[in-house]
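These are my notes from a first look through this structure. I went strand by strand and helix by helix, and wrote down what I looked up.

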Amino acid sequence: MTPAGRRVRRVWSLWIRLLLRGFPPSFRQEMAADLANQYEADAPRTTVQFVLRGAAAAVDLVPAGLGAWMDDLRAGLNWPRGRAGGGVAADVRYGCRILVRHPAYSGTIVLSLALASGLAAAVFGIFDATLVRPLPFPDEHRLVSIGSRWTNFAHASVSIPEYLDYRRLARSLDSIAAYRSVSATLAEGHAGPERLSGAAVTASFFDVLDVQPALGRVFSDVEDRPGAEPVAVFAHGLWQRRFGGDPSVVGRTVRIDDRTVTIAGIMPPSFRFPAADTDIWLPLRVNPASPGGRGAHTRRVIARLRAGSTLDAARDELSAIGRGFAREFPEDYPEGSGWGVSVEPLRERLVGDVRGPLRMLLAAAIFVLLIAAANSSGLMLANASERRAEFAARAALGASRLRLVRQVVVESTVAGALGGALGLPVAELLLRGLHAGVPPALSRPEVLAFDPRVLVFALGVTGLAAGAAGAYAAMHATRVRAGEALRSGARAAGGRSLRRFRAVLVAGELALALLLLIGAGLSFRSVTRLLDVDPGLEASNVTTARLSLPSTRYATGRDTVTFYRHLIDSLEAAPEVAHAGAVSVLPLSGSDSDANFGVEGYVSPVPGQNPNAQARFVAGDYFRALGIPLVRGRLFTGADHSDAPFVVIVSGALARKYWPGVDPVGRRMKLWSLDDDGPWRTVVGIVGDVRHAGLDGDETPILYLPVTQYSQRTLTVVVRANRDEPLGRLVQDRVRALDPAQPIYDVRTMEDWIARSTAQPRFSLGMLVVFAGAALALAALGVYGVMAYMVAGQTRELGVRVALGAQPADLMRLVMARGMLLASAGLALGLAGAWPAARYLVAFFHGVEPLEPAVYAGAAGVLGLVALVACAVPARRILRLDPTAALRAE
Amino acid sequence: MPQRVPLKSIELLVLAVLADGPQHGYALAREIERRSGGRSRVRPGDLYRVLYRMSRASLVEQAAAPAAARHETRRTYYRITALGRRTAREEALYLQKICAALLGGALRPERSS
């Protein structure tokens, strides 16, 4: 035999053995060798033969293997053979007939499962898109974010010298990149100048993320050096928007920030990093010869772990490098500053914050699904027990019990699958509605779309839930001895244990519903308290807009100061404007900016560490425009110009912290540190505190400086109107009058900023209210079902009692008391579970305690009332009971 | 006895061949093909699945190779069990009844009227 022939033979043998793995183990033990011999005795000799006969062998062995499993299964279950028993298909047909014949029964099951599975699938969709699906980068688990850790800062920015050292020293990293967000003005186009949100990135940025441009190229190391020809990489969206997707723009030049820039390439639409709205990537142009201060922590850093390296290894290595910094440059990393290197998975940085809230919502959705399943199970139980006579008849005719159980399970699964299928449009609608409503932080909208996994989830979960419920019901209902059930034909026999089981189910439903109601109540409490928090400013009638003046047209600080002064003056001249000003960073905008400083006479508890606080640069009448009150001293005036004595205003929290028990007005301080060469600045006033970071945050210590004495290119204009009227248009017109090439962006009312800052808790609240509402409806249905069944089952007994002289109203009260006993049991169970659940929940809800008596009482009250109504409706039938008819009925 | 009748046609054919004496798998397949006049082509996987099922139901069992074929140690022989024999007979009678009824009734040669 030729060597090639021998190889074919060996591979053939492997192929056959692989196919034989599809058979049950006992088959393989007994017969596989013999069967393999048959194939091997006649091995193919050429590759062509191998392919043809290999396929034929697969066609033979794969179905035979599956068939052997089926045979085993049938033999094990004593499952009737196809010809003898009638197939599953017949069961499905029969089940459909039953469902059609009982529309109230099947409709309730199908609709409640549809509602619940739709809710669950929608939340699962968000959960999956945000937390489960990988980030759209190859090997994303190797991507990390590198930050600086300080006391009070877990993962802050990195300075360029630090970045360069990490790049030079870290062996555990494959590649590393630095970037920062920038804004740029694109002059081209018919719509006038457009402000772009962009990122200045090192050339390695694209290597770290391992993405390729859709067109053209990304920029090279050479283009990333200072003084290189300007290039830019465009986002797909910008390319479509401004150039209609014209591929010939690659290599062309555009005017960006008054410079001629070559378009190097276009990124694919899926690439949206660092932000979903990033339009453009520009070279960061790190200069290794003059990297800037080690203490200037202004860059974000991401890196890709070397293949085979681990997060822990990178943490160890970078921490060691960081300790080296502290030894070499003690003045930049003083002892007690808490300095360290923080290495986090990139995914964790992007979605870590929303994991908790999303898990909570998914848990809530699953609760609703459980309630719906319990409900359906109860209905199926009732239905199955009503059919005991039918089952008994079939058993008498020779049907095995397994056969009957299968029948019921198939019916339930059909109902469940129908419910799941109907749940899909519900999920689809919800997701579409959510597209607008999901806060950007909570999801990546581009992947939040309908997807087959959601379908599998919905169908699988409801099918399983219904099938399991049906199986239980069937086991119960088919426990019949043929003669007995046929004789009595009644639901009475064995009915008690069924009733008890249904009661347990309903109590469980009520308990879960109460948990959801309490969750929604806590969330509501939290949001109302949050919205009641005084942000420290007067948001109504305030419009804001952001501007970034390019250095090409506004070369000096004096130019920018003059522009902003003219703009603010022209705005204040408008009759509809009460006050106008500008600030470097707007409260509640999600951004911040801090600075070190030194206070005359203040000794830091940590030697060498300067005080640090948020720093704001303000222009015009900012404090009055935003409604921040003056507490002492005075506000900035036109007299505080660049040649006048340097001044500063502090917030109340900052004053309390650094001048405790002293009036700070008239005291002196310096920016950066007391050793700094800069001028002394005198405190001239104290203003009220604002909650800069969010309504759930603390009052932020803030230092305010006038832009006249520390100029800024990028400011947010703040305009207070005389009445409730957005002034975006006015700001746009006044800016255009001063400089037609200057775009404005982020034009929003202050109320909109506040709403955005609370978007996530409000979204959670909305979802929880929907879930609690659904749970309430389903639980009411459950109580109603159990009561209706109880009343119907006792018609005869009640009839006898009425005939003997009992008052129907007394009987009704008796029956209702039984129902309410059940409801109370459910409520008690729910309250018992609420305490541990609430302790878990309060982590996500700002400002609520686990034990909020009003919430608990309110939720229990609402649920109790609903249960009472659900009991009363069927119980009222007793009042119309006709004893003679009731006695004849059976 | 577990409910075995009616058998599948392949099962009856296996019993029919083995009723004449033990066989190994390959010969069994050839013989089934021959007896069916080439109409039943049995693929090895199918045949062994059926043999496995039938041995589970104690209709057939593995047997020692006949003395004449002792040198062919790699082959497993199968033989019919007493239960297999009874079942085959029952199936044959059942089929006979059906066939007789058919041929004497609905499928009676048509008479011109």
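**Entry 1: a strand in chain A**

I started with strand S13 of chain A, residues 577-583, and asked how many of its residues are buried. The count is 6 of the 7 residues, so S13(A) is largely enclosed by the rest of the structure. I note here that the model is a predicted one.

Next I looked up the partners of S13(A). With strand S21 of chain A, residues 714-721, S13(A) pairs in the antiparallel sense over 6 bridges. With strand S15 of chain A, residues 612-620, the pairing of S13(A) is also antiparallel, and I find 3 bridges there.

I then followed single residues across. Ala582(A) has Val717(A) as its bridge partner in S21(A), and Ala619(A) as its bridge partner in S15(A). For Val583(A), the bridge partner in S21(A) is Thr716(A).

**Entry 2: on to S21(A)**

Is S21(A) largely enclosed or largely open? I find 7 of its 8 residues buried, so S21(A) is largely enclosed by the rest of the structure.

S21(A) also pairs with strand S12 of chain A, residues 542-548, in the antiparallel sense. I noted 7 bridges for that pair. Within the pair, Val542(A) stands opposite Arg720(A) of S21(A).

**Entry 3: chain A as a whole**

I stepped back to get totals for chain A. Its secondary structure comes to 27 helices and 22 strands. The chain has 890 residues, of which 42% count as buried. I also looked up how far apart in sequence the contacting residues are. Among contacts in chain A with a separation of 6 or more, 83% join residues 24 or more positions apart.

**Entry 4: one residue, Leu346(A)**

I picked Leu346(A), which is found in helix H12 of chain A, residues 346-386. Is Leu346(A) buried or exposed? It has 22 other C-beta atoms within 10 Å; a residue counts as buried at 20 or more, so Leu346(A) is buried.

I then asked which residues Leu346(A) is in contact with, leaving aside its neighbours within four places in sequence. They are Leu135(A), Leu143(A), Val144(A), Ser145(A) and Ile302(A). I also checked the distance to Arg304(A), which is 42 residues away from Leu346(A) in sequence. From C-alpha to C-alpha, the two are 9.6 Å apart in space.

**Entry 5: two helices of chain A**

Two packed helices are described by the angle between their axes and the distance between the axes. I looked up both values for helix H8 (residues 160-169) and helix H11 (residues 311-328) of chain A. The angle is about 130° and the axes are 11 Å apart. H8(A) and H11(A) are therefore oblique to each other. Their crossing is right-handed.

From H8(A), the contact is made by Glu162(A), Asp165(A), Tyr166(A) and Leu169(A). From H11(A), it is made by Leu318(A), Ile321(A) and Phe325(A). By class, I have 5 nonpolar, no polar and 2 charged residues in this contact.

**Entry 6: chain B**

I moved to chain B and looked for a sheet. I found an open sheet of 3 strands in the order S1-S3-S2, with antiparallel pairing. Its edge strands are S1 (23-24) and S2 (60-63) of chain B, each of which pairs on one side only. S2(B) is joined by 4 bridges to S3(B), residues 77-80, and the two run antiparallel. Gln62(B) has Tyr78(B) as its bridge partner in S3(B).

Helix H1 of chain B, residues 9-18, lies across S1, S2 and S3 of chain B. H1(B) runs at about 95° to S3(B).

H1(B) also packs against H3(B), at an angle of about 75° and with axes 11 Å apart. The two helices are therefore roughly perpendicular to each other. Ile10(B), Glu11(B) and Val14(B) of H1(B) meet Val50(B), Leu51(B) and Met54(B) of H3(B). I sorted the residues of this contact into 5 nonpolar, no polar and 1 charged.

**Entry 7: where the chains touch**

Last, I looked at the contact between the chains. It takes 17 residues from chain B and 16 residues from chain A. On the side of chain B that touches chain A, the elements giving two or more residues are helix H2 (25-35) and helix H3 (44-56) of chain B. H3(B) gives the most to that side, with 9 residues. By class, the side of chain B that touches chain A has 6 nonpolar, 4 polar and 7 charged residues.

Technical notes:
Residues numbered from 1 in each chain as written. Chains lettered and ligands numbered in written order. Predicted model: local features only at pLDDT ≥ 70, side-chain atom pairs only at ≥ 80, totals over all residues. Contact = placed C-beta atoms within 7 Å. Nonpolar A, V, L, I, M, F, W, Y, C, P; charged D, E, K, R; others polar. Axes fitted to C-alpha atoms, helices over the stretch in contact; angles between N-to-C directions. Parallel < 35°, antiparallel > 145°, perpendicular 65-115°, else oblique. Left-handed = near helix turned anticlockwise from the far one by under 90°. Buried ≥ 20, exposed ≤ 12 C-beta atoms within 10 Å, placed from the backbone. Pairing = 2+ DSSP bridges.
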